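I opened my notebook for a first walk through this structure. Come along and look with me.

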Amino acid sequence: MTKTLLIKNARVVVTMDDERREIDGGGVYIRDNVIVQVGPTADLPRQADEVIDAANHVVMPGLINTHHHMYQSLTRVIPAAQNGELFNWLTNLYPIWANLTADMVHVSTLTAMSELILSGCTTSSDHLYIYPNDCRLDDSIEAARKIGMRFHAARGSMSVGQSKGGLPPDRVVEEEGAILKDTQRLIETFHDAGRYAMERIVVAPCSPFSVSRDLMKEASAMARNYGVSLHTHLAENANDIAYSREKFNMTPAEYAEDCGWVGHDVWHAHCVQLDDEGIYMFGRTGTGIAHCPCSNMRLASGIAPIRKMLDQGVSVGLGVDGCASNDSGHMLGEVRQAMLLQRVGYGPDAMTARQALEVATLGGAKVLNRDDIGALKPGMAADIVMFKLDQIGFAGALHDPVAALVFCTPSNVSYSIINGKVVVRDGVLGTIDLPVVIERHNQLARELALATGA
Ligand SMILES: [Zn+2]
């Protein structure tokens, strides 16, 4: 049965279409899960099964989060990990994460997705790379189905423990054969290659300092064989570069290329310390990156050269990163930080509000290798968010409501529509009972910390 939805009378519709049109008084007409028409309200059909009046709202494409570790929402602001750089921070957290359970994965994924959806995100990737006890990626996917989020589930992994010269303790790493077998199972069970897919699987060994060269190569071969994407962490900070030089006698970019980890179907998180040769090579090969400004600041990793990357044609998406190194999963807040941090590094015109929004929409879609999300135009998936403008944080900023979204206090959405379904209505997430999830999440976070004596 067909269902139609009309969004009308928006203060402005930000399309992110080929002309980057912003339509005052515009609207969007949707049939089932697909956008049929975008334009001035007067040009759209008058009636639909459901009509949402968007007066005093900015209507825009749902934001796309390209890097996260949702289980880390259980370990926000752990005292021992508040003030370290990447390797020190990880070393303090691995023993806590070793006590993670399937129930914790499921509940923390619901929590993280709730925060993302309420802050404007409609598609997210999640990089789950630690599988102690009964943990499985299936529990993340189940959570995404329940909440109704478009999901790229990355099957992460760690195989090189401390005894083999890696960073993680031996008890949290897996056998490489088992990793590949489970990754194959997940692709064959869940991956949907079709247009408007709600579930895709990504092959995602955690980082060059936690898996072997063999696994990196076998992972890229498997991904190519199934036509799925590849994701990992790369060139995050100075220690990461030193490890690559010492272990492989290569820069991270050279190592990625050597392992087959470049191309339109690959995206790397961070790349804060990617050198110029790496930037040119990523631009040339269509390799994407996930920029995570809050995490980079939190761990003092540096300022990723995003302006330079964009100028060199590198595909750049935005990521909130896990909540152990950001402590916030607010997607629109991350857009703001992306804009501000580029200015700290490269001057006041290094990134505009609209460029930051473009990275978080079109950029994210490109990084995830999709052409059906990230813009409001006919034939695109109906992933649409609405921000209400008569809030205290926007008072006095309505000369430019689109820029206000990025410059002013990050707002939550009043409406979120994902794959044609109204998931947030009047600011309330309708697919789960959020207070119950938060209470359960806090209980599990307490149990996890107590189990480790953190
Ligand atoms: Zn990460």
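Which two side chains meet in a salt bridge at 2.8 Å, N to O? I looked it up in this predicted model, and the pair is Lys388 and Asp390. I then checked how open they are: Lys388 is partly exposed at 34% relative accessibility, and Asp390 is partly exposed at 47%.

I found 25 salt bridges in the structure. One of them joins Arg20 to Glu358, with their closest N and O atoms 3.0 Å apart. Arg20 sits in the loop between β2 and β3 and Glu358 in helix α12, so this pair ties together parts that are 338 residues apart in sequence. Arg20 is partly exposed, at 37%, and Glu358 is partly exposed too, at 28%.

Next I turned to Glu174 and Arg155, whose salt bridge spans 2.9 Å from N to O. Glu174 belongs to the loop between β10 and α4, and Arg155 to strand β10, so the two tie together parts 19 residues apart in sequence. I noted that both residues are buried. They also belong to a network of salt bridges with shared partners, together with Arg136, Asp138, Asp182 and Arg185.

**Entry: cavities**

I counted two cavities of 30 Å³ or more. Of its 17 lining residues, Leu86, Trp89, Leu90, Tyr129 and His233 are the closest to its centre. Helix α1 gives the largest share of that lining, four residues.

The second largest cavity has a volume of about 40 Å³.

Notes:
Residues numbered from 1 in each chain as written. Predicted model: local features only at pLDDT ≥ 70, side-chain atom pairs only at ≥ 80, totals over all residues. Heavy atoms only, no water. 1 Å grid on protein atoms, 1.4 Å probe; cavity = no way out; pocket = protein on both sides within 12 Å on 5 of 7 lines; lining within 4 Å. Points joined across faces, edges and corners; volume = space filled by probe spheres on them. Salt bridge = Lys/Arg side-chain N within 4 Å of Asp/Glu carboxyl O. Buried < 20%, exposed > 50% of the residue type's maximum accessible area, 1.4 Å probe, protein only.
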